[in-house]
Amino acid sequence: LKNAEKALKSGDAQGAITILKDAESLIGSAKETEQAQYYFVSGNAYLKLAEKSVEAGKNLSFAAENYKKLIDIEKASGKQKYSTQAASSITEIKGKLINAAIADTQTDKHAEGAKKLYDAYLLDKNDTINLYYAASTYVNAKDYDAALAAYDELKKVNYSGKGTTYTAISKTSG
């Protein structure tokens, strides 16, 4: 873990991932604190790769998966060393996935955009609008099976599309 952290700090995210993959078989039997550190470093490494535009969509998803595992481990152990930063990174990843999906759909890469929107939904299942957009983008990509699965999931969560919009008006300026 220390070597992977050093590699990451020196800017070698791919090297850090390689080191972590070598240690992956040992993580299952490691202490919870070491498991949390492993997933934190791994999430950071995948996020760095995505920021360098190396398979951005895939690496953003891998980073989010690692951060989620980290949060689950720390929640179970009751010790929260990395969870706050991981939750912040997940929010950042969600925004990046949505922006990347918009860029994909503007260049007629509907299948890639739909996948990113679905991944954004998986990061926050309360934000069902991303699932709706993923479903309609799958239709644009002519991937009707994936679209149907997304629409079925929307039906299961009773998605109606209705929402509440709040508007604030300044008392001083009207």
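These questions and answers walk through a predicted model of one protein chain.

Student: What should I know before reading the values?

Tutor: This is a predicted model, where local features need pLDDT of at least 70, side-chain atom pairs count only at pLDDT 80 or more, and totals for chains, interfaces and linings use all residues. Residues are numbered from 1 along each chain as its sequence is written, and side-chain values use heavy atoms, with hydrogens and water left out.

Student: How many helices and strands does the chain have?

Tutor: Helices (H or I, at least four residues) and strands (E, at least two) are DSSP runs, numbered from the N terminus. Read from that end, the elements run α-α-α-α-α-α-α-α. The count is eight helices and zero strands.

Student: What percentage of the residues is buried?

Tutor: Buried means under 20% relative accessible area, exposed means over 50%, and partly exposed is in between (1.4 Å probe, protein chains only). The chain has 174 residues. The buried part is 39%.

Student: How do the rings of F40 and Y67 pair: stacked, edge-to-face or tilted?

Tutor: Rings of Phe, Tyr and Trp (its six-membered ring) pair if their centres lie within 6.5 Å; planes under 30 degrees apart count as stacked, over 60 as edge-to-face and the rest as tilted. The F40 and Y67 rings are 6.5 Å apart, centre to centre, with 55 degrees between the planes. This pair is tilted.

Student: Which parts of the chain does that pair link?

Tutor: F40 and Y67 are 27 residues apart, so the pair links distant parts of the chain. Both residues are buried. F40 lies in helix α3 (residues 32-51), and Y67 lies in helix α4 (residues 56-77).

Student: Which residues do ring pairs link into a cluster?

Tutor: The structure holds seven aromatic pairs. One of them joins F40 and Y67. The cluster is made of F40, Y67 and Y82.

Student: Is Y118 buried or partly exposed?

Tutor: Y118 sits in helix α6 (residues 110-123), three residues from Y121, about one turn of the helix. The two rings have centres 5.9 Å apart and planes at 45 degrees, so this pair is tilted. Y121 has 2% relative accessibility, so Y121 counts as buried. At 22%, Y118 counts as partly exposed.

Student: How far apart are the end C-alpha atoms of helix α7?

Tutor: The expected span of a helix is 1.5 Å times one less than its number of residues. Helix α7 (residues 129-140) has 12 residues and should span 16 Å. The computed distance agrees with this: 17 Å.

Student: Which helices do the buried residues of α7 pack against?

Tutor: The buried residues of α7 are N130, L131, A134, A135, T137 and Y138. Seen down the axis, they fall within an arc of 165 degrees, so they line one face of the helix. The arc is that of the directions from the helix axis to the C-beta atoms. The buried residues pack against α5, α6 and α8 (144-156).

Student: Which side chain makes a polar contact with the side chain of N130?

Tutor: A polar contact is a pair of N or O atoms within 3.5 Å; within protein, one must be able to donate a hydrogen and the other to accept it, and residues adjacent in sequence count only if both atoms are side-chain atoms. N130 is buried, with a relative accessible area of 4%. At 3.3 Å, the partner is the side chain of D127.

How values were computed: Contact = heavy atoms within 4.5 Å.
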